[in-house]
There are 2 protein chains.
Amino acid sequence: MEEIRALPRPRPIKKRARTANPDAQRRLLEAAREVINQQGMSGLRVEDVARCAGLSVGTFYIYFEGKDDLFAKLVVEYTGRLRARVQAAYASRDDLSARFAHGLVAYLDFVEENEKSFLHFRDAGGIETNAGRLSTWAMNQHAEDLKPLLIEGIAAGIFRDEDPDLLAQSLLGLFQHVAGWWIEHREHCSREELQRFALELTGRGLLR
Amino acid sequence: MEEIRALPRPRPIKKRARTANPDAQRRLLEAAREVINQQGMSGLRVEDVARCAGLSVGTFYIYFEGKDDLFAKLVVEYTGRLRARVQAAYASRDDLSARFAHGLVAYLDFVEENEKSFLHFRDAGGIETNAGRLSTWAMNQHAEDLKPLLIEGIAAGIFRDEDPDLLAQSLLGLFQHVAGWWIEHREHCSREELQRFALELTGRGLLR
């Protein structure tokens with residue numbers, strides 16, 4: 001006859017997480033994206049993220065120092081994915097203006113695919129990290145990708161000879177804000193109209 | 001001999017606030033600005049705001065529904081002050097391009113005077129209000145002021161014939177981001193250089 005033993009208390013997931021759940025951090029990040037997309041950043045509770053991941057609050061704190069740390073890791077992951085897409089677009093074999101345009105199209109594609117995350121990350125970047133303010137860090141990451149293109153264009157005499165840092169930040173600020181505005185005012189114009197407008201305007205600002 | 005009575009429990013301010021403290025809301029808003037400037041938005045606690053105002057948490061909840069409501073009221077007040085400054089600049093008797101430039105200068109002046117608030121409000125606008133997302137509401141307020149100027153310039157054949165909503169949002173997005181970036185990277189260039197750059201770039205985008 002089988003040995004009689006008490007059942008474990010009903011928190012098996014926590015125990016497993018501490019020992020044999022290497023993908024807990026990934027599950028928590030996915031759950032956080034889910035919870036943020038549903039209810040926004042403001043009022044986000046660690047309890048809700050843990051519950052949505054099927055993990056305990058204790059497990060959450062194994063992987064994250066708190067809500068800010070969770071949010072910073074989400075933004076780092078999101079920024080990395082967006083950068084990869086835009087970098088690939090910049091790296092095409094076309095001329096500089098076309099590469100710049102490909103980058104904008106890749107940016108808008110990504111924003112459309114991730115519109116809720118985009119708005120939440122844009123509006124909640126005031127977290128101080130070891131690399132400075134989170135929103136500033138993210139924009140500086142994107143500027144790192146855009147700046148070489150601008151410097152190349154200025155050196156080639158195609159783009160106007162302006163400060164490449166200020167140029168990069170201006171273009172990124174413009175794209176980010178107009179893309180976000182459009183996400184919330186889609187009735188205003190089509191994606192094609194938005195894209196033509198942004199390329200035309202920034203082209204006029206850039207080209208000699 | 002004076003009547004012997006128990007001393008009130010040490011929360012006299014709360015009692016006064018409920019009855020004879022009509023400026024409690026103003027004091028709480030001022031305290032919130034102070035606390036946010038010192039420690040940022042993330043982790044802001046109602047207790048700290050109330051303590052800094054010399055009022056109780058109970059009094060806080062007489063005037064505000066919660067942290068989001070407090071923050072929304074701060075942004076509304078801040079946006080109103082910034083608009084008044086920029087509106088006055090737009091209303092000068094100069095030509096359109098000069099009025100546009102005056103508006104940018106007034107904007108940068110205000111941002112410099114309120115740099116900490118500016119960064120916090122920019123980065124924490126993801127609060128849903130009865131008027132939509134707080135950051136979107138604020139930018140749409142500023143667009144209301146800029147749009148008539150753009151429409152006038154387009155009608156007069158001075159500015160290029162582009163969609164005035166997209167133009168207004170683009171310019172505001174660019175100004176807001178570059179101003180914020182400069183606040184955090186002042187070593188990069190002087191205020192004069194920033195201003196010249198922004199006017200030159202946006203002028204090229206705007207003018208026919």
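Predicted model: local features only at pLDDT ≥ 70, side-chain atom pairs only at ≥ 80, totals over all residues.

Trainee: What makes residues of chain B count as in contact with chain A?

Mentor: The cut-off is C-beta atoms within 7 Å, placed from the backbone. By that test, 35 residues of chain B are in contact with 35 residues of chain A.

Trainee: Which helices of chain B supply at least two residues each to the side that touches chain A?

Mentor: Those are α7 (115–123), α8 (134–155), α9 (164–184) and α10 (191–206) of chain B. The largest share comes from α9(B), with 12 residues.

Trainee: How do the residues on that side of chain B divide into nonpolar, polar and charged?

Mentor: There are 12 nonpolar, 14 polar and nine charged. Remember that Gly counts as polar here.

Trainee: Now chain A. Why are there two domains, and where do they run?

Mentor: Because the bounds come from an automatic or database domain assignment, we take them as given: domain 1 of chain A is 10–64 and domain 2 of chain A is 66–206. Their centres, taken over C-alpha atoms, are separated by 30 Å.

Trainee: How many residues does each domain give to the contact?

Mentor: Domain 1 of chain A gives 11 residues, and domain 2 of chain A gives 11 residues. On the domain 1 side, α2 (24–39) and α3 (46–53) of chain A each give two or more, and the largest share, five residues, is from α2(A).

Trainee: What is the make-up of that domain 1 side by class?

Mentor: Eight nonpolar, two polar and one charged.

Methods. Residues numbered from 1 in each chain as written. Chains lettered and ligands numbered in written order. Contact = placed C-beta atoms within 7 Å. Helix = DSSP H or I, 4+ residues; strand = E, 2+ residues; numbered from the N terminus.
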